[in-house]
Amino acid sequence: MTLPARIHLTEVGPRDGLQNEPENISASTKIDFINRLSESGLSEIEATACVSPKWVPQLADAVEVLKGIRRREGVVYSALVPNLEGWQRASDAGVDKISVFTAASETFSQKNTNGSIDETINRFVPVVSSAHDAGCPVRAYVSCITVCPYEGRTQPSQVASVVRSLLDIGIDEIDLGDTVGAATPADMDSILSEVGQLLPVQSLVMHLHDTRGMAAASCLRAMQLGVHRFDASCGGLGGCPYAPGASGNMATGDLLYLCEGLGIETGVDRSIIVDAGRIIESAIGRPLSGRLYRTESSL
Ligand code: HMG
Ligand code: MG
């Protein structure tokens, strides 16, 4: 079994997690949460989303959060951005990296961003150019890589076609999103063999929601196939407001535990991730679902 010696994690709980919380969480709690995560050894944190507050009111305080966090040296703080207005807000707040987002499904793209796949990619063109002028790298998410909540099964060739369009406009990093958490290890084989014809698998990021409890198995398969960049969410926090029923990302603690067992380095201290989970769990007022978190937070 070939596995990477080390993986790179992006913590997405403060964005992917908190965008889906019905409770009103104060900016100062979000800042405390991110500051604690920053002490864990993580090298990248998606801190918030500079999207329309009418669409995602939970993250209307994005600029306040970005300006309020204590920037730890060596940590990249990124934000989700859908358009030029979002880039302007993120850049004014001093973001290190941005993430644009589209989908492999037309209906999901419309529901999530009020635009077709082509329209979203056209919106990204001036964003990529301004971000690059400012020395800011751009990640692009492709949602619904296995299943769309509105259209059903996605073909890997459709995922590859969207990835090709994103590479054509100069995106620096492609992140493949299993938005509804339907992927199994077999999907990693079929998707990576298609997308791997366009760029090295080692440069891809996998963003696997854990709705059906398959995310760890799928991460392991993706690692065997050469992937070593993953997103994860503290305590399994999260979902997507436009993917009803989907639960949070692969829980950070669970992925760390898997890696520790396999001797794969992450550079992240799992006890600090558990600690950060406590901050957010008391703010949302319900237990976090991550298995490692549930086991270790009460110890
Ligand atoms: P729209 O309504 O078509 O936008 O939304 P618009 O350009 O017509 O603007 C309407 C209003 O929004 C205007 O304000 C704009 O100023 C404002 P008004 O004149 O009415 O007062 N506005 C903004 N305000 C602040 N920041 C902005 C911004 N843009 C416009 N950036 C838009 C189009 C794309 C903006 C909207 O659909 C949107 O914000 N969508 C975001 C939805 C979202 O965040 N979804 C969750 C994240 S994606 C996800 O979770 C999946 C992922 O995790 C991967 C995976 O799991 O697969 C990434
Ligand atoms: Mg997501």
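At what angle do helix α5 and helix α6 pack? In this predicted model, the answer is about 55°, with the two axes 8 Å apart. To find them, look at residues 106-113 for α5 and residues 117-133 for α6. An angle like that makes α5 oblique to α6.

Now zoom in on who touches whom. From α5 come E106, S109, Q110 and T113, and they meet I117, E119, T120 and R123 of α6. Sort these residues by class and the contact has four polar residues, three charged ones and one nonpolar one.

Next, follow the chain into the loop between α5 and α6, where you'll find N114. This residue isn't a glycine, yet its phi is positive, at about 55°. N114 also turns up at ligand 1: along with K54, N112, S143 and T179, it comes nearest of the 29 residues around that ligand.

| Residue and its atom | Ligand 1 atom | Distance |
|---|---|---|
| Q19, polar side-chain atom | oxygen | 2.8 Å |
| H209, side-chain N or O atom | oxygen | 3.0 Å |
| G86, backbone N or O atom | nitrogen | 3.2 Å |

So how much of ligand 1 does the protein bury? Taken alone, the ligand exposes 1,100 Å², and the protein buries 77% of that.

Definitions and conventions:
Residues numbered from 1 in each chain as written. Chains lettered and ligands numbered in written order. Predicted model: local features only at pLDDT ≥ 70, side-chain atom pairs only at ≥ 80, totals over all residues. Heavy atoms only, no water. Axes fitted to C-alpha atoms, helices over the stretch in contact; angles between N-to-C directions. Helix = DSSP H or I, 4+ residues; strand = E, 2+ residues; numbered from the N terminus. Parallel < 35°, antiparallel > 145°, perpendicular 65-115°, else oblique. Contact = heavy atoms within 4.5 Å. Nonpolar A, V, L, I, M, F, W, Y, C, P; charged D, E, K, R; others polar. Near = heavy atom within 4 Å. Polar contact = N/O pair within 3.5 Å; in protein donor to acceptor, adjacent residues only side chain to side chain. Areas by Shrake-Rupley, 256 points an atom, 1.4 Å probe, with all protein chains shown as cover.
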